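Please examine the structure shown below together with its sequence. The paragraphs that follow lead from a single loop residue to the architecture of the whole chain.

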Amino acid sequence: MKLYDTASGKPQDLSPIDGERFRFYCCGPTVYGPAHIGNFRTFILQDVLRRTLEIGGLHTYHVRNLTDVDDKTIKGAIAADIPLETFTQGWTEKFHADCAALNCLPPHDEPSAVAHIPEQIQMIESLVEKGHAYHADDGSVYFKISSFPEYGRLSKLDERELDLGRTQNERTSTADEYEKDSLSDFVLWKAHKEEDGAYFWESPWGKGRPGWHLECSAMIQKYLGDSFDLHSGGVDLVFPHHENEIAQSKCACDGEFANHWFHVTHLLVDGRKMSKSLGNFYTLGDLEEKGYSAMEVRYTLLGAHYRKPMNFTLDSLHAAREALGKLSRAIHEFQEEYGVREIPAFKDSCQEKDFGLFQDAWNILQFDLNTQACIGKVFAQLKRLKALSKSDAKDSWIGLNAVLHALGVRVPTFTPPTQVTIPPEITELAEKRAVAKAQKDWTTCDTLRDELKGQGWQVIDDKDGWQVKPL
Ligand SMILES: [Zn+2]
């Protein structure tokens, strides 16, 4: 399988460094509130990558962290007046429930920052010892970026204009997330401040807590070692977060860190950046409340190539519902035609198999994880499913299941449309409304429409007149 690598700027083959398991790390959520659909676009694409590798015959080892201490979690726990652990536990459970609803495989390990404080302190000690970090007058410990000449290579900093800061204060930053275009020595250990309340740990530099960037480096070293196969996150993490992780890890450890960088691009909603003030900020819960299923959300989020910005709209969720309905019908018809009763759970590796009509869809997924084109190819073949020989049907059936499994799309069970009997009083009301409409008596028209609605019926005007349907 080939995947574009942010560092080299080229598609690269994916194969495990150790020849056994493909070991990869994904920056996980900060558990201070519900994750939004932009976060889930990234988690879903990472899930598709893992599923595709596994179907292709690779064993994987997937590690994703939980950020359970930082500026936002502490602020949230203090505002909610509950212990930090209780606060982050609740949001972790919500995150897991959302992931399960979206059919994302749980990572093999999910370490948290709070559970790895000693490992983080140890890494800082090593960085101080080697001259890459210093204990500043404000009590915090900073990474000295001038000590690491490679700093900025991933995000191509040399091609961008940066504010290098003029004073000592401007050159250091204690914020967990600092401005994108300022370059500063970033914090490894944050000296305790009043606003952190009871949340601090003892260290050789006094009371405090680790900086946000550090946890990934420390946990990666523990779970994946000094060199591993792939590191992933949303594109907004390239700078400064991933740049800082590289600096910390390469200076503290001996290996090459990540062999491959996989970043998923932004999600736009209604053509704009998601924001609470614009009213276009959606969590999975928000969309479920509007009547959409998690699978419709997953399907929609697969509808654009991961390296292109995706524009998410409620219309695209409608389209997803229709598409899943078409798939459901096609699978049902296939099952009827060839006597297959169930969609098997897809377990076996398909490295050597022929995927029949769906070989192209599978191939395109293997080339830079093009989910959009893959879905297009699946639909292009659906109609041909009914005209296959028995042996071709078997290959195509396996192929279709493999592709759907790789995409993590669960197709709803087909339910044949039921024959609806319209009661005479409903027809009468609809007829009266049609007369009112012809007379342009809009008030009566609206009243009758509301009356029908109250009785559970919807009236639809079409080119042939009107029809009523159950709501
Ligand atoms: Zn990270």
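Arg153 is found in the loop that connects strand E6 (141-143) with helix H5 (168-171); helices (H or I, at least four residues) and strands (E, at least two) are DSSP runs, numbered from the N terminus. Arg153 counts as partly exposed because it has 13 C-beta neighbours inside 10 Å. By the criterion used here, a residue is buried if 20 or more other C-beta atoms lie within 10 Å of its own, exposed if 12 or fewer, and partly exposed in between, with C-beta atoms placed from the backbone. From Arg153 to His318 there are 165 residues in sequence and 42 Å in space, C-alpha to C-alpha. The model is a predicted one, in which local features need pLDDT of at least 70 and side-chain atom pairs count only at pLDDT 80 or more, while totals for chains, interfaces and linings use all residues. Residues are numbered from 1 along each chain as its sequence is written.

The protein chain as a whole contains 15 helices and 18 strands. Its C-alpha trace spans about 85 × 60 × 40 Å along the principal axes. Of the 471 residues in the protein chain, 38% are buried.

The protein chain is divided into domain 1 (2-264), domain 2 (307-407) and domain 3 (424-470), with bounds that come from an automatic or database domain assignment. Between domain 1 and domain 2, the C-alpha centres are 35 Å apart. Where these two domains meet, 14 residues of domain 1 are in contact with 16 residues of domain 2, contact meaning that the C-beta atoms of two residues, placed from the backbone, lie within 7 Å. On the side of domain 1 that touches domain 2, strand E1 (2-5) and helix H1 (37-55) each supply at least two residues. H1 gives the most to this side, with 8 residues.

At least three residues of the core come from each of domain 1 (2-264) and domain 2 (307-407). Leaving aside residues up to four places away in sequence, Val403 touches Phe358, Ala361, Trp362, Leu365, Cys374 and Val378.

The strands can be followed next. In strand E11 (residues 230-234), 5 of its 5 residues are buried. Strand E3 (residues 21-26) runs parallel to E11 and is joined to it by 3 bridges; two strands pair if DSSP finds at least two bridges between them. Within this pairing, Phe24 stands opposite Leu230 in E11. E11 also pairs with strand E13 (residues 261-264) in the parallel sense, over 4 bridges, and there His231 stands opposite Trp261 in E13.

Elsewhere, 3 strands form an open sheet of mixed pairing in the order E15-E14-E16. Its edge strands, E15 (272-273) and E16 (310-312), each pair on one side only. Strand E14 (residues 267-269) pairs with E15 in the antiparallel sense over 2 bridges, and Val269 has Arg272 in E15 as its bridge partner.
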